[in-house]
Amino acid sequence: MLHTILFYLFAAVLFIAALGVIFSRNPVHAVMFLVLAFFQSAVLWLLAEAEFLAIVLVLVYVGAVMVLFLFVVMMLDINVERVQGGLTRYAPLGLVVAVVMVFELVQIIWLRGQANTETLGFAATPEGYSNTKALGAILYTEHVYAFEIAAVILLLAIIAAITLTMRRRPGLKQQNISNQVAVSAKDRVRVVKMDAESNS
Amino acid sequence: MAEFLQSLMAYWESFPADLRFVVIATMQILAVTICVILTVAFTTYFERKVIGSMQGRIGPNRVGPLGLLQPFADVIKLLIKEVVIPQKSNRFLFVIAPLLSIIPALATWAVIPLSDGFVIADINAGLLYVLALTSVGVYGVILAGWATNSKYAFLGAMRSAAQIVAYEIAMGFALVGVLMAAGSLNLGDITRAQAGGLSHWFILPLLPLFFVYFISGVAETNRAPFDVAEGESEIVAGFHVEYSGVAFAVFFLAEYANMVLISALTAIFFLGGWASPFEGWSFLGDDSLLRATSFFWLAAKISFFIFVFFWLRATFPRYRYDQIMRLGWKVFIPITIVWIAVEGVMAWLHVGPWARLAS
Amino acid sequence: MGRSPRMLQNYVPILIFLGVATGIGLVLLALGFLFGSGQKDAEKLSPYECGFEPFEDSRMKFDVRYYLVAILFIIFDLEIAFLFPWAVSLDSIGGFGLIAMAIFLTLLVVGFIYEWKKGALEWD
C-alpha cells in the first residue's frame with residue numbers, strides 16, 4: 001500500500017519535472033528540472049529493488065552527464081527568441097520520434113498483457129542478497145561479450161571526443177615538466193674560472 | 001515515576017511499527033546532524049588555533065575560555081548579517097545553490113558507520129551512495145558561479161568544476177581498490193574486513209591508494225593547496241564572491257562538513273574505522289578498553305585527518321591550475337590503474353586480502 | 001511495507017535524511033533573511049567587478065577544453081561504474097572474470113594513452 005503511494009508520488013514529481021524541462025524558458029532551469037527528473041527515476045528504480053542501477057543512475061547521469069549539459073548550456077549565449085523559432089522547425093521530427101516511442105511502449109505493455117506473466121512481484125531475495133554482487137556475478141561471466149563490447153564503445157567514445165574537440169592553439173608557450181625535471185645543473189650553469197685582472 | 005514511564009512506554013508501543021521506525025530514524029538523523037554541525041563549528045575553531053600556532057600566533061582567545069565560544073559568536077554574526085542578492089543575478093538559483101551544496105554534505109552521513117552496529121541506513125550499496133552524493137555536490141558550486149553573474153564567480157565555478165571532476169575519477173578508481181580488498185560496498189562490512197589490529201588495515205596493502213584518496217579528497221573539498229576555486233589573490237573569492245551573511249555560512253558549513261566527511265571516509269576505508277589499533281595485542285588483557293572497538297577510535301582518526309587538512313593548508317602554497325589538472329589526470333589516475341592491476345595479479349596468486357578469489 | 005521490507009526499509013532513513021538536510025538548509029536561509037538587517041541600494045546590489053557597470057553578461061563562451069574534460073569524465077565515470085560490481089563479486093567470478101576485466105582495462109588504458117599522447121590532458 002505504502003509502496004504504491006510512494007510510487008505514484010514520485011512518478012507525479014517525475015512527470016512534473018519532465019514538463020518543467022520542456023516548458024522552462026531558462027535553459028539552466030531546464031537542466032535542473034532534468035536533474036530532478038533523474039533523481040525521481042532513481043527512486044522509482046529503487047522501488048523496483050534495482051539498487052545498483054538506481055544509484056548508478058544518479059552517479060553517472062546526475063553526477064557526470066548533467067554536468068556536461070550544464071557546462072554547455074551555461075556557456076551558450078542564451079537567445080530565447082531563436083530557441084523558440086527552432087520549435088516549429090523541429091516539431092515534425094519530434095512528433096515522429098514521439099509516435100515511435102508511444103508505439104513501442106504500447107507494444108511492450110500489450111505483449112506483457114498477452115504473455116500473462118506473473119506481474120505481481122519479483123522473486124523474494126534471500127538473506128544477505130546484494131544487488132551489486134548478483135549483477136557482477138553474471139555481467140563478467142555470462143555477458144562477457146557485451147561487457148567487452150562496452151569497453152570498445154568507450155574507447156571509441158574517447159577517440160571521437162578527442163578528434164572532435166581537440167584544438168591546439170598555435171604559438172602557446174608550454175611547460176614540459178619532464179624536461180624540467182631531467183635538467184641537471186651543468187646544462188644550465190657554467191662555472192668559468194677567471195684570473196684576477198692585473199692593473200697594468 | 002516508574003509507573004508513568006511504563007505508561008509512556010505502553011503508549012509508545014501502541015503506535016504502528018512503521019511510524020515508530022520513522023520516528024526513531026528521524027531522531028537518530030537529527031542527533032547525527034547536530035553532532036556534525038557542532039563538529040563543524042569546533043573544526044573552524046580548531047583550524048584557527050592550529051594554523052595560529054603553526055605561524056607563531058595565538059589564534060582566537062577572546063570569546064569565552066580559551067576562545068572556545070568563538071564559533072558561536074561567528075554563527076550569530078553571520079545570522080544577523082544582510083544577505084545581498086545582486087541585481088543581475090538569477091535570484092532563484094542564487095538561493096538554491098547553497099542548499100544544493102549542503103544537502104549532499106549532510107546526507108552522506110546516513111551511511112557512515114559511527115560504531116559497530118550504529119549506522120542510520122545500513123544499505124548494501126553504501127559506497128556507491130557516497131560516491132553518487134559527492135558527485136552531486138558539484139552543482140552547488142557551478143550554480144552559485146553561474147547565478148551570481150559576475151566574472152569572478154563564473155571563473156571560480158568553472159575552475160572548481162573541472163578540478164572536482166578530475167579528482168573524482170582518481171577517487172573512484174582508488175575506491176575500486178578498496179572494494180577489491182573488502183569485497184563489499186557496505187561501509188560497515190568494509191570496516192569489519194579490516195578487523196584484527198593494525199596489520200589488517202587496508203592502509204598497508206593499499207598505501208598508494210590511501211594517498212591518492214586523501215589528496216583527491218583535499219582537492220574535492222577545494223581546500224588549500226587546491227583552493228584555486230576561491231583563490232583570493234586571483235579571483236577574490238571565486239564562486240561565493242557575492243554571497244554574504246547566512247547564504248555564505250551555508251557554503252562554509254558545507255565545505256567543512258565535506259572536510260569532516262572525507263576524514264571519516266578515509267578512516268573507514270584505510271584505517272579500519274572504529275577498530276582499535278591495538279586489537280591484536282593480547283598482552284593488554286582480554287577486556288582492555290584499548291583493544292575494544294569504539295566510536296572514540298573513529299573520532300580520533302577523524303580528528304587526525306582534519307588536523308592534516310590544516311597542516312597542509314599551513315604548509316603548502318597554492319598549486320597552479322595546470323599543475324592541479326596534471327596531478328589529477330597524469331599522476332593519480334595512472335597510479336590507481338597500476339594498483340588495480342597489481343591487486344588483480346595478487347588476487348590471481350592468492351596473496352593478502354585478495355585470497356578469496358575463487359579459482 | 002511492500003514486497004521486500006528489508007531492502008527498502010534501509011532506504012527510508014536516507015529519504016528522511018535528505019529531507020532533514022534540506023530542512024536544515026532552508027531553516028538557516030530563512031533565519032538569515034529574517035534577522036539579516038540592512039538596506040539595499042543600487043550600489044550594493046550591483047555586481048562586484050571593478051567599479052564600472054559591467055558592459056555585458058558575464059557568462060561567456062569558454063574554451064572547448066572544458067567540454068572535453070567533461071566528456072572524458074563521463075567516460076571514466078562509466079568505467080568506474082563497470083569496475084564496482086566487478087570488484088565486489090571478485091570471489092564468485094574467479095579467474096575468468098579477472099581476465100575479462102584485464103581486457104576491459106587494457107582497452108581503457110589504450111584510450112588513456114591516446115588521450116595523453118594527443119595532449120588532451122594538457123592545460124596551457
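A: Of the 200 residues in chain A, 21% are buried. The model is predicted: local features need pLDDT of at least 70 and side-chain atom pairs pLDDT 80 or more, while totals for chains, interfaces and linings use all residues. Residues are numbered from 1 along each chain as its sequence is written, and chains are lettered from A and ligands numbered from 1 in the order in which they are written.

Q: What makes a residue of chain A count as buried?
A: A residue is buried if 20 or more other C-beta atoms, placed from the backbone, lie within 10 Å of its own.

Q: How many helices and strands does chain A have?
A: Chain A has eight helices and zero strands, where helices are DSSP runs of H or I with at least four residues and strands are runs of E with at least two. Its elements, from the N terminus on, run α-α-α-α-α-α-α-α.

Q: Why are residues of chain A and chain B said to be in contact?
A: Two residues are in contact if their C-beta atoms, placed from the backbone, lie within 7 Å. The contact involves 16 residues from chain A and 15 residues from chain B. On the side of chain A that touches chain B, α3(A) gives the most, with 12 residues.

Q: Which element supplies the largest share of the side of chain B that touches chain C?
A: The contact takes 68 residues from chain B and 57 residues from chain C. On the chain B side, α7(B) supplies the largest share, 12 residues.

Notes: A residue is buried if 20 or more other C-beta atoms lie within 10 Å of its own, exposed if 12 or fewer, and partly exposed in between; C-beta atoms are placed from the backbone.
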